[in-house]
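Here is a quick tour for anyone meeting this structure for the first time. Have a look at the sequence and the fold, then read on.

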Amino acid sequence: MSVIMATLLSAGTVVGGSGAAVAKIAEDRAVPWGSVSATCSIAGKRGSIRAYYQILRTKDYFNRFNWHLSGGGLGNRSNIEIRVVHNRAHAPDRILFDWNSSDSVRKGSGGISKTVRVLRRDRIYITARFVFDRWGPDVRCKARSKDI
């Protein structure tokens, strides 16, 4: 969590995906935040994802997904697929959110702001599938977070 976000949260301000203050919490109480992350690597390339969520009563609200791609020889046309998934013990997992980047993700950091509401009682995890653009055949790996 950035120093700016921590300062705003301690002052009771809700922080949007870009770090801008967007609303004041009633009675100056800070809203709890959490994050979950995952990484994967293949052939000297590494992809990581971190999802931030706001904890409110019976629901969690994912609102920011940040990624980082690294490794030598990465081109400017990598791809990322991000999913928020409900881990159901006695049934197939259910995809609650699915986002695919265009064919233009560059080396380094990036992110998107999307709001995904999930029930607090549900076991949720994040996945990110990275397709690394490089000279020759692209390589891919999939990262999965722990359940929250």
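Is Ala43 buried, partly exposed or exposed? Ala43 is partly exposed, because its relative accessible area is 49%. Keep in mind that this is a predicted model.

- Most residues other than glycine have a negative phi.
- You'll find Ala43 in the loop that runs between β3 (33-42) and β4 (45-56).
- Arg57 also isn't a glycine, and its phi is positive too, near 45°.
- Arg57 sits in the loop between β4 and β5 (59-70).
- With a relative accessible area of 80%, Arg57 is over the 50% cut-off, so Arg57 counts as exposed.

**The nonpolar core**

- In soluble globular proteins, nonpolar side chains tend to be buried together.
- Here the largest nonpolar core has 29 residues, and the ones touching the most other members are Phe62, Phe65, Trp67, Ile82 and Phe130.
- At least two residues of this core come from each of β3, β4, β5, β6 (79-86), β7 (94-100), β9 (116-119), β10 (124-132) and β11 (139-144).
- β10 gives the largest share of this core, with five residues.

**Aromatic rings**

- A pair of aromatic rings is described by the distance of the centres and the angle of the planes.
- The structure has five aromatic pairs.
- One of them is Phe62 with Phe65, a stacked pair with 6.2 Å from centre to centre and 15° between the planes.
- Phe62 is buried, at a relative accessible area of 0%, and Phe65 is buried with a value of 0% as well.
- Phe130 and Phe132 have ring centres 6.0 Å apart and planes at 15°, so this pair is stacked.
- Phe130 and Phe132 are both buried.
- Tyr53, Phe62, Phe65 and Phe97 come together as one aromatic cluster.
- Tyr125 has a charge over its ring: the charged end of Arg144 is 3.6 Å from the ring centre.

**A buried asparagine in a loop**

- Asn87 belongs to the loop between β6 and β7.
- Why does Asn87 count as buried? Its relative accessibility is 14%, and buried means under 20%.
- The side chain of Asn87 makes a polar contact of 2.7 Å with the side chain of Asp147.
- Setting aside neighbours within four places in sequence, Asn87 is in contact with Asp93, Arg123, Tyr125, Arg144 and Asp147.

**The disulfide**

- A disulfide is a covalent bond between the sulfur atoms of two cysteines.
- This structure holds one disulfide, and it joins Cys40 to Cys141 with an S to S distance of 2.1 Å.
- Its two ends come from distant parts of the chain: Cys40 is in strand β3 and Cys141 is in strand β11, 101 residues apart.
- Which hand does the disulfide have? The torsion about the S-S bond of Cys40 and Cys141 is about 65°, so the disulfide is right-handed.
- Cys40 and Cys141 are both buried.

Conventions. Residues numbered from 1 in each chain as written. Predicted model: local features only at pLDDT ≥ 70, side-chain atom pairs only at ≥ 80, totals over all residues. Heavy atoms only, no water. Helix = DSSP H or I, 4+ residues; strand = E, 2+ residues; numbered from the N terminus. Buried < 20%, exposed > 50% of the residue type's maximum accessible area, 1.4 Å probe, protein only. Phe/Tyr/Trp six-rings, centres within 6.5 Å; stacked < 30°, edge-to-face > 60°. Lys NZ or Arg CZ within 6 Å of the ring centre and 35° of its normal. Core = buried A, V, L, I, M, F, W, Y, C linked by side-chain atoms within 4.5 Å. Polar contact = N/O pair within 3.5 Å; in protein donor to acceptor, adjacent residues only side chain to side chain. Contact = heavy atoms within 4.5 Å. Disulfide = S-S within 2.5 Å.
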